[in-house]
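Thanks, everyone, for making the time. I would like to walk through one structure this morning, going from one chain to the other.

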Amino acid sequence: MSEKEDYIVCRCEEVTLSEIERVIDQGYHTLDDVKRITRAGMGLCQGRSCSKVIARLISQKTGKPLEEILQVKYRFPVRTEQMKTLEKQENTDEL
Amino acid sequence: MSSSYDVVVIGGGIIGLSSGYYLTKRGKRVVVVDRGNFANGASGSCDDMILFQSKQPGINLELAFESLELYKSLVSELDDTLGFHSLGGMVLIENQKELEVMEDFVKQQQAYGLDVVILDQKETRKKQPFLSERFIASTYSPTDSQAYPFSVMYRLAQKGRDMGMEVVHNAPVVGIEKQGNGNFIVSTAQNLHFEAPVVVNAAGAWAKEVASLVEAHVPIEPKRGQVVITEKVPAVGEANLWTARYLVSKLKSGITLESTEEELRLGLGFAFTRTEGDSYLIGSTRENVGFDTRTTMDGIRAVVNQATSIVPVMKEVNMIRVMAGLRPATPDGKMLLGEHDGIEGFYTAAGHEGDGISLAPITGKLLSEMIVDQKVEKRLSELSPNRF
């Protein structure tokens with residue numbers, strides 16, 4: 001793909017389609033692999049928008065079912081949270 | 001059926017990949033076998049430090065210097081910046097007692113050739129204008145550096161593959177059998193078999209289990225370290241930060257820390273580093289919880305509250321992710337590097353605890369020299385796996 005036709009897939013970390021395709025073609029076939037190598041999904045939104053696109057790309061290239069690729073572990077904080085939130089002992093569940 | 005190699009490396013973290021890379025470079029046919037995905041263990045859930053100031057003069061400091069030089073050459077060898085830079089580091093000093101110990105320690109390090117100085121309160125604040133006023137001094141070294149672990153591992157794997165190295169993921173090793181011909185057969189859970197005269201155990205926190213497959217004694221225990229990652233923010237200071245607290249208690253057994261029971265259980269220490277992606281990595285706990293890699297609310301709370309008490313402006317900063325990794329700890333704080341007595345061809349390269357990123361290049365290079373040249377430098381005897 002020429003640079004002109006490239007797309008940004010992960011907007012937080014500005015990772016392009018061609019970068020992601022290259023890594024999948026090198027044999028990295030999980031969302032974690034792609035994230036760790038390209039930083040796609042490592043930014044502020046933590047992959048909320050790009051991970052589905054990346055999962056679809058992996059699925060198309062490998063034939064792995066989409067549901068299998070999208071099985072990832074989630075951890076708190078579910079959304080970004082200021083650090084001072086944790087000063088209060090009662091703030092335990094909503095993160 | 002098994003495939004034949006010169007060396008099977010068990011563990012595809014930064015130590016295993018570095019070992020595989022340097023062995024491949026020396027002409028060996030190598031397969032790296034890993035139990036999980038890419039960077040699934042401690043190397044993928046740690047910070048990015050190549051830290052000198054924490055090290056006592058001796059083998060660890062000596063190897064850190066050599067590793068730093070190797071990182072500089074890897075930047076061109078691996079065609080990547082590797083996130084390598086020298087931001088420098090500061091160890092924060094809270095009281096007179098700590099200052100005395102650190103002054104003595106800095107003198108020893110200087111004598112050893114490390115570029116490190118003591119800064120008074122004014123000089124400290126000049127470099128760290130947002131620092132809590134309770135710190136009376138700091139040490140500063142411009143040599144403390146960083147490398148981005150994911151880039152290092154990815155490029156070691158890719159360059160190694162270009163030269164013929166194989167990397168197999170999601171293949172937990174369940175058996176190692178010594179054959180009549182002297183070769184080992186390494187078997188994985190899904191019945192893959194790899195045959196080679198040399199096996200390298202680079203399994204990090206899992207190295208003890210791997211060693212037990214050949215009845216070798218490897219006293220490595222996992223210590224869980226929890227780390228917090230912030231959003232991208234402008235730099236709050238010039239260098240990365242640590243505190244003297246734990247260093248001092250390690251150096252002077254007479255000095256006991258005023259710690260709460262929870263702090264002791266969590267093994268709380270402070271590390272604050274600015275990453276490749278302009279965010280901060282804040283650590284860390286050091287917990288004895290076996291192989292549990294979950295993050296916990298009390299652990300993260302302790303890490304965060306410690307950080308905001310030291311750099312109060314961080315209270316307003318968002319955290320975006322937390323993670324936990326198992327640091328492979330040894331009884332004497334030194335790695336195991338070498339061949340096991342009585343098991344010809346079985347090597348261990350593990351037990352770096354918090355120094356895996358720092359020491360990965362030199363570990364791989366020294367291991368490749370042991371295996372290819374069949375020579376062990378005298379100074380490395382204190383890292384021998386047979387010392388326990």
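**Chain A, then the domains of chain B**

Let me begin with chain A, where, in this predicted model, buried residues account for 44% of the 95 residues. Chain A has four helices and three strands, and, read from the N terminus, these follow the order β-β-α-α-α-α-β. If we take the contacts in chain A between residues at least 6 apart in sequence, 41% of them join residues at least 24 apart.

Turning to chain B, the domain assignment gives domain 1 as 3-45 + 150-219 + 332-387 and domain 2 as 89-142 + 221-329. The C-alpha centres of these two domains of chain B lie 31 Å apart, and between them the domains bury about 1,100 Å², of which 56% is on carbon and sulfur atoms. On the domain 1 side, S45(B), A205(B) and E353(B) lose the most area to domain 2, together 54% of what that side buries. In terms of contacts, 12 residues of domain 1 of chain B meet 12 residues of domain 2 of chain B, and the count of salt bridges between the two domains is two.

A polar atom of the Q306(B) side chain lies 3.1 Å from the backbone oxygen of G269(B).

Definitions and conventions
Residues are numbered from 1 along each chain as its sequence is written. Chains are lettered from A and ligands numbered from 1 in the order in which they are written. This is a predicted model: local features need pLDDT of at least 70, side-chain atom pairs count only at pLDDT 80 or more; totals for chains, interfaces and linings use all residues. Side-chain values use heavy atoms; hydrogens and water are left out. Helices (H or I, at least four residues) and strands (E, at least two) are DSSP runs, numbered from the N terminus. Buried means under 20% relative accessible area, exposed over 50%, partly exposed in between (1.4 Å probe, protein chains only). Contact means heavy atoms within 4.5 Å. A polar contact is a pair of N or O atoms within 3.5 Å; within protein, one must be able to donate a hydrogen and the other to accept it, and residues adjacent in sequence count only if both atoms are side-chain atoms. Domain bounds come from an automatic or database domain assignment. Buried area is the accessible area (1.4 Å probe) that two parts lose on being put together, summed over both. A salt bridge is a side-chain nitrogen of Lys or Arg within 4 Å of a carboxyl oxygen of Asp or Glu.
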